[in-house]
Amino acid sequence: MSSNFHHLPVLLEESTAHLALRPGAVIVDGTLGGGGYAQAILEQTGPDGILLGLDHDPEALEAARLRLADFGSRVRTLQCSFARIDEAVQEAGFEAVDGIVLDLGVSSHQLDTPERGFRFATDTPPEETPLDMRMDRTQGETAADLLARASAETLEGWLREYGELPGARRLAKAITEERRREPLRTAADLLRVIDSSRVGRGRRHNPATLVFQALRIAVNDELGALKTGLEASIRILRPGGRLVVIAYHSLEDRIVKRCFRAEARGCICPPRQPICTCGRGPRLQPLTRKPLRPSDHEVMENPRARSARLRSAERIVEAA
Ligand SMILES: C[S@@+](CC[C@H](N)C(=O)[O-])C[C@H]1O[C@@H](n2cnc3c(N)ncnc32)[C@H](O)[C@@H]1O
């Protein structure tokens with residue numbers, strides 16, 4: 001069965017290898033997308049492995065269900081954020097799982113569908129690209145909503161923190177001035193303000209790319225979901241279970257790196273305190289000291305893989 005959903009899985013072999021798949025394993029794909037990882041996982045955990053696939057985009061779930069239909073009852077899917085991965089696992093009837101993979105961000109399908117509004121550089125004129133950017137279009141505020149209501153300080157914070165945009169304050173001010181005249185509804189409206197405020201000129205990244213990234217992260221609370229999702233994932237991994245995360249920009253990768261490092265240490269008492277009072281032991285053994293990157297060959301075949309960074313860790317038993 002096929003659909004028009006397109007997404008080339010990134011670091012696919014590396015991800016499945018790090019999950020240490022075996023027949024009968026119960027694995028959660030927290031970012032099902034088009035089901036590329038899920039298919040490989042199901043093939044490598046046959047004949048009786050179970051895959052629980054989550055995505056908060058109903059279109060992705062529909063495409064993945066079609067693709068994975070031949071695996072029958074070995075596949076369970078649920079529309080929800082991986083921030084609620086622990087609840088999803090319990091709802092599916094499991095107490096703990098053998099592996100979890102989070103392939104963060106948006107799929108090529110989402111990026112390349114102009115009406116989703118994730119990208120300004122499409123064949124569709126920017127006047128016709130709405131500022132939506134929600135991964136789940138059934139709820140929440142769009143980018144246009146946020147641009148209409150956020151204070152200049154909040155906008156500046158997003159642009160600075162999520163877009164690492166030079167000139168964040170100037171652009172935030174320009175946006176609030178522009179919206180007093182006319183609401184920003186389309187990519188063209190936003191591009192005009194970016195251009196006239198002259199931010200990020202001469203930098204390696206197109207300032208518009210940074211602005212779109214910042215808004216997308218804010219609209220979907222991507223970093224908040226990642227922090228909560230990592231914590232929830234650790235809770236429901238069984239000892240020996242693997243957690244594999246593929247990040248696409250340094251903000252995400254930093255969160256994963258810090259989480260793995262903190263969970264390998266366990267104790268959260270201040271460093272100068274002579275005796276541990278928090279009672280927390282290590283819960284993870286990181287398996288990647290440095291993140292894995294795609295090969296030159298993979299980047300040539302799939303340029304969207306170029307920023308990918310894979311980190312993995314194994315759940316260990318907490319000392320009593
Ligand atoms: C890079 S794609 C995953 C592609 C997938 N690995 C494949 O092989 O087809 C990321 C997917 O994760 C979903 N997603 C992003 N953040 C999510 C979250 N917090 N909870 C659930 N799904 C999320 C997006 O909707 C998108 O479909």
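This report describes the fold, the sheet, the nonpolar cores and the domains of a predicted model.

Residues are numbered from 1 along each chain as its sequence is written, and side-chain values use heavy atoms, with hydrogens and water left out. Because the model is predicted, local features need pLDDT of at least 70 and side-chain atom pairs count only at pLDDT 80 or more, whereas totals for chains, interfaces and linings use all residues.

**Overall fold**

The chain has 13 helices and seven strands, where helices (H or I, at least four residues) and strands (E, at least two) are DSSP runs numbered from the N terminus. Its radius of gyration is 21 Å, close to the 20 Å that the globule rule gives for 320 residues, so the chain is as compact as a globular protein of that length; the radius is taken over C-alpha atoms, and the rule is 2.2 Å times the number of residues to the power 0.38. Buried residues make up 52% of the 320 residues, with buried meaning under 20% relative accessible area, exposed over 50% and partly exposed in between (1.4 Å probe, protein chains only).

**The sheet and its helices**

The seven strands of an open sheet with mixed pairing follow the order β3-β2-β1-β4-β5-β7-β6, and two strands count as paired if DSSP finds at least two bridges between them. At the edges are β3 (75–79) and β6 (284–286), each of which pairs on one side only. Neighbouring strands of this sheet are turned by 20° against each other on average, direction ignored.

| Strand pair | Sense | Bridges | A bridge partner pair |
|---|---|---|---|
| β4 and β5 | parallel | six bridges | V101 and V244 |
| β5 and β7 | antiparallel | six bridges | L243 and A313 |

Eight of the eleven residues of β5 are buried, so this strand is largely enclosed by the rest of the structure. Helix α11 (residues 222–236) lies across β4, β5, β6 and β7 and runs at about 155° to β5, while helix α12 (residues 250–265) packs on the sheet, touching β5, β6 and β7, with a direction that makes about 20° with that of β7. These angles run from 0 to 180 degrees between N-to-C directions, and the axes are lines fitted to C-alpha atoms, for helices over the stretch in contact.

**Cores and domains**

The domain assignment, automatic or from a database, gives domain 1 (12–108 + 222–315) and domain 2 (136–219). Their centres, taken over C-alpha atoms, are separated by 30 Å, and the contact between them (heavy atoms within 4.5 Å) takes twelve residues from domain 1 and nine residues from domain 2.

A nonpolar core is a set of buried Ala, Val, Leu, Ile, Met, Phe, Trp, Tyr and Cys residues joined through side-chain atoms within 4.5 Å. The largest one has 71 residues, and those with the most contacts inside it are I100, L131, L171, L190 and L230. Helix α10 (residues 207–219) gives the largest share, nine residues. Both domain 1 and domain 2 give residues to this core, so it lies between them. A second, separate core of 23 residues includes L21, A25, L42 and L68.

L190 is also among the buried residues of helix α9 (residues 187–197), which include A187, V193 and I194. Not counting residues up to four places away in sequence, L190 touches L131, L147, I175, L184, V211, F212 and L215. The cover over the buried residues of α9 includes α6 (143–149), α8 (168–181) and α10, and just after α9, R198 takes a positive phi of about 55°.
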